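Have a look at the sequence and structure below. Let's walk through how a few of the pieces sit together.

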Amino acid sequence: MSLQRFISEAISPWMKKEGPDSDIVLSSRIRLARNLEQFNFPLLTTMEESKAVVTHVAQAIGNDTYDSLGAFELLHVDEMKPNEKRVLVEKHLISPHLAEESKHGAVLLSEDESVSIMINEEDHLRIQCLFAGFQINEGLVLAGGIDDWIEQRVTYAFDEKRGFLTSCPTNVGTGLRASVMMHLPALVMTQQINRILPAINQLGLVVRGIYGEGSEALGNVFQISNQLTLGKSEEDIVEDLRGVVMQLIQQERAARHMLMQSSKLQLEDRVYRSFGILAYSRVIESKEATQKLSDVRLGIDLGLLEGISGNILNELMILTQPGFLQQFAGEVLTPEQRDERRAAIIRERLKLEQQSN
């Protein structure tokens with residue numbers, strides 16, 4: 001394997017699988033923050049210490065395999081070109097922090113890209129497990145197994161009273177961040193989302209955009225995650241999130257049903273107009289593209305559009321991001337050139353989808 005293998009395809013192998021409630025929950029993620037006892041935390045470390053951390057982790061894991069994941073591929077972030085890092089961020093395989101701010105960052109990736117172990121991010125290790133659909137408990141089991149597997153080879157910074165020690169106080173304790181990516185177009189259309197989001201925040205959860213903290217909720221896609229980790233067990237954190245997500249799924253389904261009952265013609269018109277814009281536009285900006293893709297995905301899930309895969313939203317939301325557009329072009333593109341290429345890629349992808357069906 002090589003870096004090229006991870007940046008050549010927009011859809012990771014794990015994303016092609018069908019998960020529970022995947023019409024609303026696009027993906028589930030578990031992330032564990034861990035630090036190594038014998039090294040300064042990344043925020044205080046030197047470049048030499050950061051390199052030593054990467055070497056230590058790489059040697060500890062070596063060519064060992066975990067379960068069916070196979071061997072991990074080690075990629076050094078500081079050896080990548082800016083756009084290569086951007087592509088990995090767009091695929092959620094590394095964080096913006098690792099790509100832009102890390103001292104000698106690296107990442108260990110599984111072959112199917114479902115597991116990403118970031119080295120020298122905000123913490124020495126960020127273990128990330130991704131699943132299609134609503135599989136947050138399955139993610140916790142896998143992350144816990146990998147965590148134990150790594151802990152057999154390294155010594156974590158751990159305090160009997162406080163738990164796992166992390167750079168950010170909000171991660172101290174379990175070091176767990178559980179999150180789901182949800183497509184909630186009906187709640188947005190009916191404006192119910194405006195009262196739901198504040199209520200979620202009051203429950204100790206946080207709502208962000210598709211790329212985490214500071215990002216915008218493009219295409220009606222929201223990331224829901226826990227905010228605090230201290231004083232709660234991993235199971236309790238996941239169960240709290242699971243309860244809220246189940247309620248959101250029910251409310252989104254109810255809102256979709258209401259739209260179909262009361263405004264089906266207007267909904268059909270919106271879906272087909274969006275499909276027409278995507279299928280025939282010669283120039284389209286990123287924000288408009290993601291909104292139209294959201295409409296099309298809703299139309300697919302409601303049976304208003306046939307012969308098109310529901311994965312079209314997941315794939316094209318990544319494929320039409322600036323990093324991927326420039327990766328395929330093999331050159332730096334101006335915003336205007338990106339808008340033109342984005343429209344062309346969407347047109348060709350929809351055409352292929354219709355031909356194959």
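Strand β8, which covers residues 176-183, pairs with β10 in the antiparallel sense, and the pairing runs over five bridges. One spot to look for is V180, which stands opposite I224 in β10. Keep in mind that this is a predicted model.

Strand β10 has another partner: β9 (residues 205-208) pairs with β10 over four bridges, again in the antiparallel sense. Here you can find R208 standing opposite Q223 in β10.

| Strand | Residues | Bridges to β10 | Sense |
|---|---|---|---|
| β8 | residues 176-183 | five bridges | antiparallel |
| β9 | residues 205-208 | four bridges | antiparallel |

So is β10 itself, at residues 221-226, enclosed or open? Six of its six residues are buried, so the strand is largely enclosed by the rest of the structure.

Now jump to helix α11, residues 312-319. This helix is mostly covered, with eight of its eight residues buried. Among them are I312, L313 and L316, but also N314 and E315.

Last stop: the cysteines. How many disulfides does a search of the whole structure find? The count is zero. C129 has 0% relative accessibility, so it counts as buried, because the cut-off for buried is under 20%. C168 has a relative accessible area of 24%, so it is partly exposed.

Terms used:
Residues numbered from 1 in each chain as written. Predicted model: local features only at pLDDT ≥ 70, side-chain atom pairs only at ≥ 80, totals over all residues. Heavy atoms only, no water. Buried < 20%, exposed > 50% of the residue type's maximum accessible area, 1.4 Å probe, protein only. Helix = DSSP H or I, 4+ residues; strand = E, 2+ residues; numbered from the N terminus. Pairing = 2+ DSSP bridges. Disulfide = S-S within 2.5 Å.
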